[in-house]
Amino acid sequence: DLDRALKQLAPQCHWLVLWLDCDREGEAIAFEVLETCQQATGGRLQVFRAVFSALTRADLERACHTLRQPDQRLAEAVEARQEVDLRAGAAFTRWMTIRYQSMFPELSQEPLSYGPCQFPTLGFVVERYLRILRFVPED
């Protein structure tokens, strides 16, 4: 497992360069890796973050020459968004379940779930369904 491998390998290192996606989610994952490795080494690792946007030689070389410190604010922004998503999802799930189970008896056995990814996905499904309904075949 990854956690075990990081804990085993980290004590052999002096530096940790984090090469994860260069977005907030990548920064949050970077801090999870960083924390695991620092715990395994007693906090002695020098930690850097590589920033790149493509897996080209030029971008990777540029990333090697412009290493920076991981950005705790970006990782905290992910944690805040996750908390808001969880709270909004729980509240909206409860509201939908209470409202619609009484209107549709066939839904009475299961909670109706809402999540921030489910809503846009539903939009894609509905859009595709409507396009199919509007389709007029060529002669």
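Me: Which residue does aspartate 1 form a salt bridge with?
Reply: Aspartate 1 pairs with arginine 4, and the closest N and O atoms are 3.8 Å apart. Keep in mind that this is a predicted model.

Me: Thanks! Are aspartate 1 and arginine 4 buried or exposed?
Reply: Aspartate 1 is exposed, and arginine 4 is exposed as well.

Me: How many salt bridges turn up in a search of the whole structure?
Reply: The search finds 10 salt bridges. One of them joins glutamate 61 to arginine 57, with 2.9 Å between the closest N and O atoms.

Me: Where do glutamate 61 and arginine 57 sit relative to each other?
Reply: Both belong to helix α3, which covers residues 57-65. They are 4 residues apart there, so about one helical turn separates them.

Me: Nice. What does arginine 73 meet in a salt bridge?
Reply: That would be aspartate 71, at 3.2 Å from N to O. Arginine 73 is exposed, with a relative accessible area of 64%. Aspartate 71 has a relative accessible area of 17%, so it is buried, the cut-off being under 20%.

Me: OK, switching to aromatics. How many aromatic pairs does the whole structure have?
Reply: A search finds 4 aromatic pairs. Among them is the pair of tryptophan 95 and tyrosine 100, which is edge-to-face, with 6.0 Å centre to centre and 85° between the planes.

Me: What about tyrosine 100 and phenylalanine 104, what kind of pair do they form?
Reply: Theirs is a tilted pair: the centres are 6.4 Å apart and the planes are at 35°.

Me: Which residues do the ring pairs link into a cluster?
Reply: The cluster holds Phe92, Trp95, Tyr100 and Phe104.

Me: Let's go to surface patches. Which residues form the negative one?
Reply: Glu32, Glu35, Glu76 and Glu79 form it. The elements giving two or more residues to this patch are α2 (24-41) and α4 (72-103).

Me: Can we zoom in on one of those? Where does glutamate 35 lie, and how accessible is it?
Reply: Glutamate 35 lies in helix α2. Its relative accessibility is 46%, so it counts as partly exposed.

Me: Which residues form the nonpolar patch on the surface?
Reply: That patch is made of Leu122, Val125, Val126, Tyr129, Leu130 and Leu133. Together they have about 560 Å² of accessible area.

Me: In which helix is valine 125 found?
Reply: Valine 125 is in helix α5. Its relative accessible area is 51%, and since exposed means over 50%, valine 125 is exposed.

Me: How far is alanine 28 from proline 70, C-alpha to C-alpha?
Reply: Their C-alpha atoms are separated by 9.3 Å, while the two residues are 42 residues apart along the chain.

Me: Last one: where is glutamate 110 found?
Reply: Glutamate 110 is in the loop between α4 and α5 (118-134). With 54% relative accessibility, glutamate 110 counts as exposed.

Me: And how far apart are the C-alpha atoms of glutamate 110 and threonine 97?
Reply: They are separated by 8.1 Å, with the residues 13 apart along the chain.

Methods. Residues numbered from 1 in each chain as written. Predicted model: local features only at pLDDT ≥ 70, side-chain atom pairs only at ≥ 80, totals over all residues. Heavy atoms only, no water. Patch = residues over 30% accessible without salt bridge, like charges linked within 9 Å, V, L, I, M, F, W, Y side chains within 5 Å. Areas by Shrake-Rupley, 256 points an atom, 1.4 Å probe, with all protein chains shown as cover. Salt bridge = Lys/Arg side-chain N within 4 Å of Asp/Glu carboxyl O. Lys, Arg positive; Asp, Glu negative; His and termini not counted. Charge placed at Lys NZ, Arg CZ, Asp CG, Glu CD. Buried < 20%, exposed > 50% of the residue type's maximum accessible area, 1.4 Å probe, protein only. Phe/Tyr/Trp six-rings, centres within 6.5 Å; stacked < 30°, edge-to-face > 60°.
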